[in-house]
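Dear colleague,

Please find below the structure that I am handing over to you. My findings follow directly after it.

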Amino acid sequence: MNPVAFSLFGVSVHWYGIMYVLALLIALWVAKYFVKKDKIPISNSLLDSYFFWVEIGVILGARLGYIIIYDPNTLYYLTQPWQIFNPFINGEFVGIRGMSYHGAVVGFILATILFSYRYEQNIFLYLDLVAISVPLGYIFGRIGNFLNQELIGRPTDVSWGVVSAGVLRHPSQIYEAMLEGVAIFVILYFYRYYKKFNGELIALYAMLYPIMRFICEFYREPDFGIGFVAFGLSMGQILSIIMFGFGLWLYFWLKFIKKEKPI
């Protein structure tokens with residue numbers, strides 16, 4: 001498919017951008033649904049404010065994370081920071097390309113901490129809500145990657161392979177949409193009925209996501225300019241191991257040390 005959905009007044013609107021917006025809106029809608037369904041003590045106005053805070057954090061973190069971790073022109077951007085969000089190349093509008101999930105996580109966490117401090121909110125109440133709201137929105141982000149022909153899969157001969165860059169490849173973006181999106185949502189949707197303490201869902205998400213991502217990376221082409229980092233593992237897999245360790249630590253810290261009562 002053409003990565004460009006349509007042009008408006010000479011500006012190309014990419015499928016990825018459309019899917020990114022849909023991902024954010026779906027995540028907000030799902031959050032509001034669960035606040036009402038599960039009677040979570042968060043007002044609609046506070047949820048909207050929180051959404052605004054974390055979107056700023058996610059966008060900044062995702063872009064900066066990509067530049068620092070993956071982009072081969074890191075030094076250029078760090079010395080000319082005004083170019084980080086410049087959507088033009090040689091006068092042509094191309095949009096902002098390159099977002100890092102793990103960078104987005106860092107930006108999201110920092111924004112959540114600042115929000116909870118500013119409005120004196122229970123941070124883990126919001127994080128648990130995020131854990132069951134993000135996966136469905138995440139599906140659209142990966143579909144956007146697929147339509148934008150980026151984060152392509154490794155060469156294959158399976159019958160469901162797709163041609164990208166002239167080579168039949170695994171549709172790894174769809175694998176990620178199913179595992180990192182649908183599978184995690186289903187698991188947390190049902191597990192929330194057995195939630196024993198605030199923060200449990202986000203801790204489980206922090207362990208489930210890296211497991212799913214680690215698996216999908218075996219079918220995804222290593223990042224250009226980085227390749228395999230160590231022991232035949234990609235950068236995404238290395239970061240997933242770190243994230244899993246953090247999730248595991250958070251779970252045991254909340255359960256055995258903090259011991260906060262459930263809502």
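This is a predicted model: local features need pLDDT of at least 70, side-chain atom pairs count only at pLDDT 80 or more; totals for chains, interfaces and linings use all residues.

Tyr-219 sits in the loop that runs between α7 (200-216) and β7 (228-230). Leaving aside residues up to four places away in sequence, Tyr-219 touches Gly-153, Arg-154, His-170, Ser-172 and Tyr-175. Ile-152 is 67 residues from Tyr-219 in sequence, yet their C-alpha atoms are 8.9 Å apart in space.

The next point concerns the annotated spans. An unreviewed UniProt entry gives the feature "transmembrane region" for residues 6-30, 50-69, 99-117, 124-141, 174-194, 201-220 and 226-254. In the model, residues 50-69 are 100% helix and 0% strand, with 27 Å between the end C-alpha atoms. Residues 124-141 are likewise 100% helix and 0% strand, and their end C-alpha atoms lie 25 Å apart.

Helix α2 (residues 44-69) packs against helix α4 (residues 101-119) at an angle of about 145°, and their axes are 7 Å apart. The crossing of α2 and α4 is right-handed. Among the residues that make this contact are Trp-53, Gly-57 and Gly-61 of α2, together with Gly-107, Phe-108 and Arg-118 of α4. Sorted by class, the contact of α2 with α4 comprises 12 nonpolar, 7 polar and 1 charged residues.

Yours sincerely

How values were computed. Residues are numbered from 1 along each chain as its sequence is written. Side-chain values use heavy atoms; hydrogens and water are left out. Helices (H or I, at least four residues) and strands (E, at least two) are DSSP runs, numbered from the N terminus. Contact means heavy atoms within 4.5 Å. UniProt positions are given in the numbering used here, feature names are shortened, and annotations may be inferred rather than shown by experiment. Axes are lines fitted to C-alpha atoms, for helices over the stretch in contact, and angles run from 0 to 180 degrees between N-to-C directions. A crossing is left-handed if the near helix is turned anticlockwise from the far one by less than a right angle, and right-handed if clockwise. Ala, Val, Leu, Ile, Met, Phe, Trp, Tyr, Cys and Pro count as nonpolar, Asp, Glu, Lys and Arg as charged, and the others, Gly among them, as polar.
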